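Dear colleague,

Please find below the structure that I am handing over to you.

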Amino acid sequence: MRVVIIGAGFGGIAAAIELRKHGFDDLTILESAPELGGTWYYNTYPGAACDVPSHFYSYSFAQRRDWTRLCSPQPEILDYLRGVVADHGLDKHIVTDRKVTSCHWDDQTCRWTVRATDSSGAESSYEAESVVLATGQLNQPAMPKLDGLDGFTGHSFHSARWDHDYDLRGKRVAVVGTGASAVQFVPEIAKEVAELRVFQRSGNWFLPRHHKMYPKWVKALIKVPGVQAVRRTMLFRYMESLTAAIRNPTTIGRFVGRRSARFMRNQLTDPEVRRKAWPDYTFGCKRVLFSSEYLPALQRENVELITEAITRVEPSGPVTEDGRTHEVDCIIYGTGFKTNDFMFPMDITGTEGRSLRDVWSGGAHAHLGLTVPGFPSMFLLYGPNTNTSGGSIIFFLERQVGYLRQALSRVRDSGAAAIDVRPEVEAASDREVQSRFAGTAWTMCDSWYRNENGRVIANWPNYMKDYGERTRTLNPDDFTLVRAPIPAGSSA
Ligand SMILES: Cc1cc2nc3c(=O)[nH]c(=O)nc-3n(C[C@H](O)[C@H](O)[C@H](O)COP(=O)(O)OP(=O)(O)OC[C@H]3O[C@@H](n4cnc5c(N)ncnc54)[C@H](O)[C@@H]3O)c2cc1C
């Protein structure tokens, strides 16, 4: 069986390792970037780091005991991924500089045709019995829709494509957006720039983050047999408690929210900055951020927090609704990602030429975030409703690759051509997922977790443990096996 995996981040790499381990050797990983790493290849901004502790934000099958900090910086995570790929001999399967443009299922041959282009514009195509879309949720930088943006005469870039050739020292800089990335790079660049104006749409809830190097004794302790396992279990429980707070906003959430408020009050000694930075929504509705450096940075002499909305961009800088023009040398967009787009603009068609874009016109949905009816042997990793606000995405990815491997093993063992989730199973699981959001903090404000209809399409509504249990064993009754050839006009 030939499997094409699209994306060489944590997801695509985990899929390849799992499949190889179970005898699926004909694997091709197509990656649009010049290198593997996904998130950790692209996000090189100053201060870039994970915010889930590294002893848990790493594969269970490739644990490291020598992380330098609680939450490792980007170069360390990228090095880790490169090491995992080398250890598993995966380099030969990865084809970089291949941007996949389409995946088409053929009902007659029961195969996928995957088309890609490279940076010179040359096209290539790949045939496979299965495709794995490991394109991530936080991959395509989002730019704000602002009049005059292109007419700005200074320098500008998005935080996920940091321009390291541009020297920020002594410059007047605007940062648009105050999400998870900005919160990491603002304290770093505030030390260097002449003036920093931070444009905020809404404030964040914060919890502390200890970002110091591990002392030698901690590193030594982690090497003691058994300690690492205990540590991972403790971290798992700690993160599940954050989910408990989000799921129960009026009880546990209120308690954790008070802890966050106490921490923030202590950090925000300037009453004016405190007033501006304070979030106006329920704790946990948007991503809770971990930083002990960001709020103090906002109170530096050279930093101004601006909460008036930007109405347009003039050649000299952003203009806010109060009529002020903020003249700057550089604008950095910390405006996050096109999270609702998933793998689009890729063109994907399944049985009877059905387009995934049409199937998802009301918002993305998939059984356990993994499979969509009418798209046989196509699997999504980090798909709809598998993001987490209180957990590690790697935990989810590992469960997903175990599940898809079980699905493909069924195809192989049964001699079928492909496997397709039953429409009624997918519809029921989607209804259940959506119903589980009722009463949770996620529904209490607008956030990138929801689409324009208010449907939460990014997040899993429950605990990691629950997702792990549901994906542990694939239920064969949830699927139909597709036998080739399918006569034209009928479905599987
Ligand atoms: C700054 C930052 C910090 C984060 N910190 C954490 C954290 O602490 N904990 C946590 O759990 N999660 C964190 N995340 C989320 C993170 O995205 C996931 O943890 C994880 O890295 C996702 O891996 P992935 O392989 O699914 O996707 P990605 O890492 O996004 O990889 C997707 C890959 O697919 C490729 N691709 C996309 N489209 C195409 C195409 N058409 N053709 C070919 N290739 C394509 C991309 O180039 C990319 O390499 C963070 C995200 C960001 C941006």
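Please note at the outset that this is a predicted model.

I begin with the sheet. Five strands, in the order β8-β16-β9-β10-β13, make up an open sheet, and their pairing is parallel. The edges are taken by β8 (155-158) and β13 (303-306); each has a single partner strand, so one side of each is left without a neighbour in the sheet. From one strand to the next, the twist averages 15°.

Within this sheet, strand β9 (residues 172-176) pairs with strand β16 (residues 330-333) in the parallel sense, over 4 bridges. V176 has Y333 in β16 as its bridge partner. Helix α4 (residues 180-190) lies across β9, β10 (195-199), β13 and β16, and it runs at about 170° to β9.

Next come the salt bridges, for which the count is 23.

- R111 and E129 meet through their side chains in a salt bridge (3.4 Å, N to O). This pair links distant parts of the chain, 18 residues apart: R111 belongs to strand β5 (residues 111-117), while E129 is in the loop between β6 (123-128) and β7 (130-133). R111 is partly exposed at 31% relative accessibility. E129, at 17%, falls under the 20% limit and therefore counts as buried.
- K191 and E188 also form a salt bridge between their side chains (3.5 Å, N to O). K191 counts as exposed because its relative accessibility of 54% is over 50%, whereas E188 is partly exposed, with a relative accessible area of 30%.
- R354 forms a salt bridge with E352, and the closest N and O atoms are 3.8 Å apart. Both residues count as partly exposed, R354 at 31% relative accessibility and E352 at 43%.

Finally, I would draw your attention to one histidine, H367, in the loop between α10 (356-359) and β18 (378-380). Is H367 buried or exposed? Its relative accessible area is 6%, which is under 20%, so H367 is buried. Leaving aside neighbours within four places in sequence, H367 is in contact with Y403, V421, V425, E426, S429 and D478.

Yours sincerely

Conventions:
Residues numbered from 1 in each chain as written. Predicted model: local features only at pLDDT ≥ 70, side-chain atom pairs only at ≥ 80, totals over all residues. Heavy atoms only, no water. Helix = DSSP H or I, 4+ residues; strand = E, 2+ residues; numbered from the N terminus. Buried < 20%, exposed > 50% of the residue type's maximum accessible area, 1.4 Å probe, protein only. Contact = heavy atoms within 4.5 Å. Pairing = 2+ DSSP bridges. Axes fitted to C-alpha atoms, helices over the stretch in contact; angles between N-to-C directions. Salt bridge = Lys/Arg side-chain N within 4 Å of Asp/Glu carboxyl O.
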